[in-house]
Amino acid sequence: MRRMPVKTMFLLVEAAAAVSMLALTFFLSAVTGRVLLAGALLTVCALGWLFLLTLFFAKRLSQFTSGLCQTMDNMISGGEEPARAEDRETIFARISYRLSRLYGILQENRRRVDEERRELQTLVSDISHQVKTPVANLKMVTDTLLAKPVTEQERRDFLQGIRSQTDKLEFLVQSMGKASRLETGAITLEKKDVPLLDTLAQAMSGIVYGAEQKGISVEVQCPDGLRVSHDSKWTAEALFNLLDNAVKYTPAGGKISVSVEQREMHVKLDVTDTGKGIPESRQAAIFRRFYREEEVHDQPGVGIGLYLAREIVTRQGGYIKVASEVGRGSTFSVFLPRR
């Protein structure tokens, strides 16, 4: 049964009080003609109506308080959304509306906390997986060195293996540190209007040796005077990660080309290789933290380079796209806003 709004009930009570007091006044004036008696009776009548009004208000206040407590309990426990009052003009309706908004905020905060908890669990699991293999290898090598005598060549091979695994752990820690500082805002990217070629040269310097070792030719096409507003240091880090991936997954004797195209709103930088290519079904997943395809686990790396590259470019207002075909190579396109 629908309850009568408080405002309407107050108006009805006031109207009834006024009608009854007027009727009583006319009756007493006509019958007795005594003003004091009429005043006393009118006072008693007013007090009676006031008492009834107080009882009604106390009952409604008790009902509202009980409902409010129940609503708050449901909100704390994540239960159903509080019902909104139909009459938006009453104070109860305004409170109910704000409770509904508060409920929505609490639900959104609860969803974010759950999402962050899942991400943290995934991150811990991924780190554990990444650390497990090099730690197991280190234990195996050291146990071997401690358990039996080895030749000088074997000792050098074992030490080289230890160095390789510690390098992997060091790279993982450094990569995680960079990702963490970016995500938490500990590092602020400072965009300046500087030549893009200088940034590209800084990124290229990190892959020259690896490309030469595999006989991979590298071709660069970038206008000398092109200036773009970007963070040179971190953009070079992003481009290095793209180029480093290209070197890793391009077979010996392959080719890597870098080209820059000026557009009205963006500068497009393509990194193209003649490597193994990426299936279309996996192209969205390659930018996830620690993602690595099963068939490339023999290659060095921890699967965080592309994730870092996308984070760096995105935080400067740009984006990265990939186009690839299995067996025919890949093209990673970086779009940086010109201003």
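**Close-up views of a predicted model**

**View 1. The β4-β5 pair.** Ile256 stands opposite Asp273 in β5. The model shown here is predicted. Strands β4 (residues 255-262) and β5 (residues 266-273) run antiparallel and share 7 bridges. Helix α7 (residues 232-249) packs on the sheet. This helix touches β4, β5 and β7 (329-337), and its direction makes about 25 degrees with that of β5.

**View 2. The open sheet.** Five strands line up in the order β2-β4-β5-β7-β6, with mixed pairing. The edges belong to β2 (217-221) and β6 (319-325). Each has a single partner strand, so one side of each lacks a neighbour in the sheet. From one strand to the next, the twist averages 15 degrees.

**View 3. One face of helix α5.** In α5 (residues 196-204), the buried residues are Leu196, Thr199, Leu200, Ala203 and Met204. Seen down the helix axis, they fall within an arc of 140 degrees, so they line one face of α5.

View 4. Arg227 and Asp193 meet through their side chains at 3.8 Å, N to O. Arg227 sits in β3 (residues 227-230) and Asp193 in β1 (residues 192-195), so the pair ties together parts 34 residues apart in sequence. Both partners are partly exposed: relative accessible area is 42% for Arg227 and 33% for Asp193.

**View 5. Further salt bridges.** The structure holds 9 salt bridges. In one of them, Asp244 joins Lys248, with the closest N and O atoms 3.4 Å apart. Both lie in helix α7, 4 residues apart, about one turn. Lys248 counts as buried, at 16% relative accessibility. Lys268 and Asp270 meet at 3.7 Å, N to O, and both are buried. Shared partners join Glu108, Arg111 and Arg112 into one salt-bridge network.

Methods:
Residues numbered from 1 in each chain as written. Predicted model: local features only at pLDDT ≥ 70, side-chain atom pairs only at ≥ 80, totals over all residues. Heavy atoms only, no water. Buried < 20%, exposed > 50% of the residue type's maximum accessible area, 1.4 Å probe, protein only. Helix = DSSP H or I, 4+ residues; strand = E, 2+ residues; numbered from the N terminus. Arc of directions from axis to C-beta. Pairing = 2+ DSSP bridges. Axes fitted to C-alpha atoms, helices over the stretch in contact; angles between N-to-C directions. Contact = heavy atoms within 4.5 Å. Salt bridge = Lys/Arg side-chain N within 4 Å of Asp/Glu carboxyl O.
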